[in-house]
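Please keep the structure in view while reading.

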Amino acid sequence: MTFAINIGMALFIGPLVAGIVRKMVRARVHSRQGPPIIQPFYDLFKLLGKEDLESSPSLLLRYAPLVAFAAILAAALLTPMGLRPPLGGYGDMIVFAYLITIAAVAVMMAGLICASPYSMVGASRELMMHLVVEPVLIICLVTATIKSGSLLMWDMAGWNYVNGLSISMVVAGIALFLALQAQVGKLPFDIPEAETEIMGGPFIELSGPKLALFQWAFFARQIVYASVLAAIFIPWGIKFIFPWNVAAHLLKIIVLIVLVGLIDVVNPRLKINQAMKYFFGVIAVALIAMVLALLGL
Amino acid sequence: MNAQQLGDSVKQQFGDKVVELSALGPNQLCLTITPDSLVSVAEYLNKDLGCRFVINSGTDRRRQRGKFLITHFFAHDEEKIYITLHTEVGEDQPEVDSITPSVPAANWSERETRDMVGVVPVGHPDPRRLVVADDWPEDVFPLRWDVPHDLKPPPAEGVAMPLLDPPEGASVVPIGPYFPVLEEPEYFRVFVEGEEVVGADYRGFYNHRGIEKLGSSALTYNQVPFIAERICGICGFVHSCSYCQAVERAAGIEVPPRGEYIRTIMLELERIHSHLLWLGIAGHIIGFDTILMQVWRMREPLMWLCERISGNRKTYGMNLVGGVRRDIEPEIHDDVRRVLTDIERQWQELYNAIPGDTTLMARLQGTGILPTEVARARGAVGPTARGSGLPIDVRVDHPYAAYDRLDVKKRVYDGCDNLARTLVRLDETLDSINIIRQALREMPEGEIMAQIDEEIPAGQQAVGSVEAPRGEVFHWVLTGPENRPERWRVRAPTYANLQSVPPMLQGDALADVPIDIGSIDPCFACTDRMEVVDVSSGQVRVYTQDELLNKKY
Amino acid sequence: MSGLDVITAALIFLVVGAVITALIARYRTVCGYVASVIVLIVSIWIAMVAWQALTRGPIHSVYVIPFLNIFLPFTVDGLGAIFLLITSLVATCATLFSVQYMSRYPRYNLASYYPLLLLFFACVIGEVSTHNMLLFLVFWEVMALTSWGLIIFEKHDPEVRRAGWIYFVAIHAATACILVAIIILYLQTPTKSFELSQMRQVMANWLVVSPGLAHITLGLLALGFATKAGILPFGFWLPHAHPAAPSPFSAVLSGLMVKMGVHGLLVTFVMLLPLSSASTVGGIVIALLGTISIFVATLTALQQRDSKRLLAFHTIGQMGYIWLGLGTGLALLRISPALATVALIAGLFHMINHAAFKSLLFLNAGAALYRTGTRDMDKAGGLIRIMPVTAITAIIASLSIAGIPGFNGFASKWLIFASSIMAGIKLPLFVFLAIIAIFISAVTLASFMKFLGMLFLGKLHVGPEVEHREVPLTMTVSQVLTAIPCVLFGVLPILVMKYLYTAVSSTLPAGFSPTFASLFGRSLLNATVSLPGSSTPTGIWGPLVILIAFAGCLALAYLISRMGGAKTREVPMWLCGEEHSFEEVRYPVHSFLLPFNRFFASLYPAHFDTDVSSSGHSDETVNTKVRQ
């Protein structure tokens, strides 16, 4: 059942929350009506049926979206979403971080194989963003490891719940929230896709089911990243009885994603070097959290 | 110093090189000089007197005088004088010395004159073709009188304009012709190394419409304003206004004061709408769609207002030679005031929010640097020039319509970057609101259109210019027989400003390219004055006179 | 034991092989096949020996050279067995790869290639199978000379000769350090013996009476071995020498020879040095040096556009990971035996994996060089379209070195990260080292995205003279062979860890390490790390389950993608409507990470990377080319 919950959260709550953000946040701030809440599903299904145009036919390109999608789902199976993660007994946070990395690699691969100047610029930006954003996740999780003595994400969450919040965990949570914006590819950090600069970057040559899978994977990625933050650093509710623990988790991630959506809508896009500079700051915050943890705070 | 005195000083300097000298009122000077002295006179005007190069123009006068008339236009902004520098070259040797080496701003227009009239600028540093299509025959020059306006040369395959290759180690990132943030087809060939732009080349004029040709071969004086207004879909009124002013000056027609005020009000309304439109697009370019949505919402009542006044949201169709066709009736005044107050309030909120938005500032500040000297050398105009510290504004420098009676401020910033250009436009939006209010208050009663009884004599010439939202719109009309201009030359502001884009891009990040291009508020339609393409058949066709008259847009 | 023992047999076989290949060097291909067969036989032989040593315990033997009465004592212990296994893999594949590859050099006599190669392998085998330091030194020196001869194989190229001299000087400086240290120790042994066990007693004695001398000796040894291992700042020779050698030997250099430095280090700090505070200090220094190498070399690698230079810098970086693992282990020996065992296993595991994937990468680069004739990644690209086997093995190798789960690099990096993070709770320094290592692991990924993307993926982009063909069979076979462990050890890391545990625990005092089951669990599916005192496992990596789940998700993704029944159609690339040649829009290699590199430019020494071919262009030339 936990399998079903985690996969379901990633596959269906992801686009749904995206739809909520588009309608309730983005459109409202824009003074627009906005599309229906389930528009992301309409989009996905429509894309799945659309013609798949290939400018550089290649087996690898054909599999890149599948790999991205599968990697995110596999990461979702390692992520605590209100309950002990279904595959929690088979992978720790290092495995999780690398699974997420696979998805990023698949995006870069897609961009590189297409070899369009825009997709190459996009892949290069994706890579650089990954290089500065991923360390934040790692450092925050290491902070939790130092506190809890375990590399397993569920144990970290449990420890945090039992022992109450500590300064280091709060600082780490803040750093992770600052990184969340980029992890889910929202403004001001949607630099790799940058529609008005490089027309979608790595995805410019993709259409139909390939694009649909990448988009769906990204909807799921929002849920996965938000879940890590919600489960480990905001442990409220994880010891509720079923189904209230899942409901509490859902509430937390919806709030997080809506916050992300708000930031998204009131910011222009930064440039890659500005974003890197920003994230070196965030990394510094995360490191402070880790030092605090080492000091026992 | 007035035009006559300026002419005298040129005469003193060059003696009998100046063949003919006449002043058309205090603000316009016509000089005819010998071809061999062209470069030295141009240099004298540009370097010694500080005149700004505007445009040049070629006229086929072989029927009348057996010669080509090459005209270079300069503007002496401090002294409020336009200088028209004529040179005649024989048809047996259609060549003229290029002034581009000493006056770089002439780069494009000399190439255009070569393409259109076939007079070769000798010594031009970049002799590639500019405006005609890649497959246009080498020996057909559209603006010669013996080339029919509906000529359709056979299409050719495998011909392309030679473009620059990227420097070693860099690669091309094509921005255009079809690109999300370019509303019209233009091709910026951007050379990048990593994310850094190390150079650029430009190819435009994909949709050349041949409007100038139509104006001097198929239309009448009073038909031209309507096609002139269609040169641009955003700021069409400036073109029709500018054209009408040129004809009125050439023919000595006095526009009634109320007509002038109405023109002023429409021009300023157009400026507000255009600046708001630009702000929205600029926001969209840097990914800030909230600005786009909110600003365009702000702009909507204004569009409604224009419809209320003219019957159209855009392309008002109000100008005719001699005045305007529609009055702004007293009952509309309240609507105008209400809309303006509304926009002013919202604009103020926006204006206060911008300096505090660090991400926005990070994108605008220090990007797209156009140093003052480069802007001057390349002939930048409008907010592009004023953002680079050049205090030029046609409304003040060469007053027209009712501007000499209104309070117009020049908004000049010397940041030279995208932010400076943005601030210029923001300030001007508020200024425009105030100008309209003042004009409404002070507008006299009376006629809106002059009575024109006599036919306009042939062989007269005059300049008409308007400060469009993007800068100086410049029209020159040489009157002709058959109730139509013999030559009608149009220079849209983007034509001048586009030449400043490559130096802006240099050294910027690839991410800055769209906003750099966007920061001049490019209007490629104006620049191209394009042909109409029938999308369904893919055929390029130029409308005939009858079709133009009967066609409903 | 008398008569011909196992190791001597292998050595003699190789020496005889060297003579034969020298004689028949004129028949270029035949000579290559002969050498391959000899190496294959020896490889199988030493692999069996190693297997026996791992399963049944150390093998001791003494060979007496007839008539001369010289004793050659050999000992194959658990540690040596691991190195023998690496040798058998790398040697076989590299020699087989050479058969066709050496046809690139018609001007050069192969008598200066195969014989030296065989002698080199003989030295490696001898060196890791002896506890006699004199014998060790002899093998060490002959290895240095033969490898030098192989590096300067292309001796008409001044660049190669220069690289050769740098190598020669560096490696002899290292030898000098080791020689001095061993002579000091030899003089102190009561019986004037070169035996390791005797020297260990001297060391134990010194630690009490004259720790200064002990530390100087240790320092000299560590310096020598660090130089050999290519650890910065002493490994400066490596980026010159590795690309200069013929590609198969580059593979041997990176896959095998630098590992000799690791072997020496372990001999020094585990076998020679008794358990003491010196091992903690030594461990911290080693881990620090390792992390410096990881950081500097990998970031420098990002800037390369010469494929083999890029790989050479990564060799330094990956050696850094190995040193980080081993250093963590040594530092923890006195603090947490369990974690120390894990860390040592981690370091050795990564060493094995590195031998596999880095040899493979050099073979891939060699295959690309063989086919396209260039090492400049800007001049060739999209090779997957003509060389699918090479490209796919290159992808496997790149994913392995980048540490993608399911490949071997991940399993060992996972152990290194887990052990150094957990070490950080005791010694905080190690957390920071772990973070740097994890971060650079992502940089490694970036670098190999570039390597893959530029050289193998994308549109085909080669010179007009290049044949559109896969490389010959011997080359593909050797690449596939090397790729097998990359995948196998990635899926079943626990198998390797089991034998590594044997190797490590046999070199440590008996009863020092917790049992294998209590450390890593009993399951074959899961590699778990459980530390004493914790009820739940500390870290878990269950490759099979995760991979099966991943495969399930992949199947789901496939089903979803087919759901709409979308048709596929081929279209030209969208370039905004203007016509462009592919050459002008191809994003060049050095552009790929330029903003990132600029950001880090201040962090590493600019002169380290002496001849950067990609360092851009002066602004002047750019400006003049821009119109107006």
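**Where chain C meets chain A**

The contact takes 61 residues from chain C and 64 residues from chain A, two residues being in contact if their C-beta atoms, placed from the backbone, lie within 7 Å. On the chain C side, at least two residues each come from helix 15 (408-426), helix 16 (429-455), strand 4 (539-541), helix 20 (543-563), strand 5 (568-570) and helix 22 (594-600). Helix 20 of chain C gives the most to this side, with 11 residues. Helices (H or I, at least four residues) and strands (E, at least two) are DSSP runs, numbered from the N terminus. By class, the side of chain C that touches chain A has 43 nonpolar, 14 polar and 4 charged residues; Ala, Val, Leu, Ile, Met, Phe, Trp, Tyr, Cys and Pro count as nonpolar, Asp, Glu, Lys and Arg as charged, and the others, Gly among them, as polar.

This is a predicted model, in which local features need pLDDT of at least 70, side-chain atom pairs count only at pLDDT 80 or more, and totals for chains, interfaces and linings use all residues. Residues are numbered from 1 along each chain as its sequence is written, while chains are lettered from A and ligands numbered from 1 in the order in which they are written.

Strand 5 of chain C pairs in the parallel sense with strand 1 (residues 52-54) of chain A, over 3 bridges; pairing requires that DSSP finds at least two bridges between two strands. Here A:Leu53 stands opposite C:Arg569.

Within chain C, helix 14 (residues 388-402) packs against helix 16, their axes coming within 8 Å and crossing at roughly 165°. Axes are lines fitted to C-alpha atoms, for helices over the stretch in contact, and angles run from 0 to 180 degrees between N-to-C directions. That angle makes helix 14 of chain C roughly antiparallel to helix 16 of chain C (under 35 degrees is roughly parallel, over 145 roughly antiparallel, 65 to 115 roughly perpendicular, and the rest oblique). Residues making the contact include C:Ile395 and C:Ile401 of helix 14 and C:Phe448 and C:Phe451 of helix 16. By class, this contact has 8 nonpolar, 2 polar and no charged residues.

As for confidence, the predictor gives the complex an ipTM of 0.91 and a pTM of 0.85. Chain C averages a pLDDT of 85, pLDDT being the predictor's confidence in each residue, from 0 to 100. Over residues 605-628 of chain C, pLDDT stays under 50.
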